[in-house]
Amino acid sequence: MKVVLSSLNAKYIHTNLAIRYLKAYAAPTYEVELAEYTMKDPVMSIVADIMLKKPDVVGFSCYIWNIEETILVGEMIKKVSPSTKIIFGGPEVTYDVEEWMTRLHTYVDFIVFGEGEKTFLHLLEALDGHRSIAEVKGIVRWQNDQPRIHFPQEKIDLKDIPSPFRFEGDFSQYPSRITYIETSRGCPFQCQFCLSSIEVGVRYFDREAIKEEIRFLMSHGAKTIKFVDRTFNISRRYAMDMFQFLIDEHVPGTVFQFEITGDIMRPEVIEFLNERAPVGLFRFEIGVQSTNDATNELVKRKQNFEKLTRTVQMVKSGGKIVQHLDLIAGLPDEDAASFRNTFNDVFALRPEELQLGFLKLLRGTGLRIQAEQYEYEYMSRAPYEMLQNRVLSFEDVIRIKQVEDVLEKYWNDHRMDRTVEYLVDHVFSSPYDFFQEFGSYWDVRGWSRIGHQLEDLFRRLYAFLSAKGIEDLAFVEGLMKMDYLFLQKHRPRKPWWEKERSKDEQKALTSSVIGNPQLLNAVGLTEKELFKHTIIEVLPDDYDTYAKTGARVRQPQLLIVNYKDRLPRFHFSPLKAHF
C-alpha cells in the first residue's frame, strides 16, 4: 500500500512537524512518503507531482492558512483517481467534523480529528485489511448518506512517539529551513480565542530524549529551531534546565525560538539569561494581545501587564535576546480608542518586532461559540477573520489594517529606526497616530497594491511628511539620510533623495576633507580611497550630539560615510571647519 502524507506550507522555509510524527509512528509497519509544497505552488503542479507517486492513500495536514487550497488538491486527485483514499487531518478539521464531512465527503474518505498518530496508524491497518474500520477511533467517515463520527482516540503517551527528525531525506534541508520541535502538548490557560485552551492539562515529552533530538538536529546543521510549546516557561525549573542545556551545548549560529508568557517570567531567570546566554541564541515570542483588562477578562485571559513590562524591559536591557510581541485587534469590547491605547502601551516597550494580527474566530473556540453575543461578523471560510463587532466597525478595522501594513515595513524590518523613533516621540501625538496616518496616506495612493524597492520606502515616507507639512522636515530628512546610508554595504550610486549640489560643489566638499589631514586620518582612508569608498553629505544639525544626548544643536555638520570594509562607518565634522 503506497501512502503519501502531504502539506501545503505557508513558505518554503517552513516544515510540517505533524506529518513527520505520523510517518514515524506508522513505521516500520508502513513506509510513508512525505510530499511538502507551498501555498504559491500551482494546484495542478501539486496534483501532478502527487499522482506521479501512484499513491493508494494520501493524507493532508490541514490548517486555516491552507485548507481551501488543500480542498482543491484533494478534489482533483479524487476526480483523476477515484480509488485513491483521501484523508484530511489537523487542527482545521478537528472541530465541526460533521459539518466538514458533509461538505467534503464526495472527495474526502476520512477525517482524522484530535491527536492523530495512533488514529492514523489504525486507519492504515483498516485500509490494508488488518483491522475493522469500526474499531478505528478518532475518525469521521460517510456512511448511509450521513457523517459517521467514531469516538475520539485516547491521549497518547508522548514517550511512545518515535523521533520525527531521523528521516534521511530531511538531513540536507535542516540548514536552510525552520525546524519545529515540541517538548510538551497542551496549555494551562483558557484564552477563548485560542485552540490550545480546549485541551486540558499539559503533558511533557521525555526531557533527555528532547535534548538528544536537539543534539542530533544541530549535528546535521539545523540553524533555526522553533519550540512550538504554547507556554515554554510554565515550569520555571524545566525552562531553566533547557536554557542551561542550550547555552552549554549549542552550535554557534543556531537560533532557538520560544513562545513565552511574559508576566510569569521570574526576574532571576532573566538575570540568568542576561548573564550567560550568548547574543542572538534565543528569540522570545510574547503574546500580549491586549492591555485592556476588561477585554482580557472577557476572553478568560489572565495577564499582569506591569509584570509583563518588567520582563520585556529586563530582557531588552540585557541585549541578548530578540523579542517579538503580538497584538490581536478585534477582541471583545475593545473599540478603536482602546486598541490605540493597547498599541501605544506595547510600542512604548520598543520590541524588536511587533506583530499586529486580527482576531480569527477559530472553529472550536469559546469566542466563536459566543460570536453572536458580541455581534461578530467574520469570514465564513478560513481564516475566519473578524470583519466587525458591536464596538469595532468595518471602517475601524480598515484603519487598523493600514497601521499593520506600514508597521511591518517601517518598524519590524528596522530600515529607519532613527527616523521612526523621532517621529513617534516628537512629531506625532503617539506611535499609533503616526502609523495610522501614514498607513492611510499609503493606502489612498495605492501603494499597497504595488511593489517597492528600498529607495521607494524612503521617498514615500518623505512624500507623506512633506504633504503633512511637519515643522522639522529638514531635521527628519537628515535622519532619513543617515538611516538609508547605514543600511548600505557599498557606496550607493543613486541615493533616494534628489541631488542638492552640483558636481563642483560636491568636489569642493571632498577637497575640504582631503585638505584636512586630521579628519582624513580619522576616516582612515587615503585620498584615492576617499573618492572610491565614501559618500559625503551636509546635514542641517549636529546629529552626533543628538544621538549621544538627545539634545538638538542647530549646527550644520559634514557627514562622511566610509564603506571600505562593507560596514558603514560614520564620521561627523562641523561644516564651518571646512569653509
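Author: Residues are numbered from 1 along each chain as its sequence is written. In this predicted model, local features need pLDDT of at least 70, side-chain atom pairs count only at pLDDT 80 or more, totals for chains, interfaces and linings use all residues, and side-chain values use heavy atoms, without hydrogens and water.

Reader: How are two packed helices described?

Author: Two packed helices are described by the angle between their axes and the distance between the axes. Here, helix α8 (residues 236-249) and helix α9 (residues 267-276) pack at about 0 degrees, with axes 11 Å apart. Helices (H or I, at least four residues) and strands (E, at least two) are DSSP runs, numbered from the N terminus. Axes are lines fitted to C-alpha atoms, for helices over the stretch in contact, and angles run from 0 to 180 degrees between N-to-C directions. The helices α8 and α9 are therefore roughly parallel (an angle under 35 degrees).

Reader: Which residues of α8 and α9 make the contact?

Author: Helix α8 contributes Arg236, Met240, Phe243, Gln244 and Ile247, while α9 contributes Glu268, Val269, Phe272, Leu273 and Arg276. Contact means heavy atoms within 4.5 Å.

Reader: What is the order of the strands in the open sheet?

Author: The order of its 3 strands is β18-β19-β20, with antiparallel pairing; two strands pair if DSSP finds at least two bridges between them. Strands β18 (534-539) and β20 (569-574) are at the edges, each with a single partner strand, so one side of each lacks a neighbour in the sheet. Between β18 and β19 (residues 557-562) there are 6 bridges, and Glu537 stands opposite Leu559 in β19.

Note on methods: Parallel < 35°, antiparallel > 145°, perpendicular 65-115°, else oblique.
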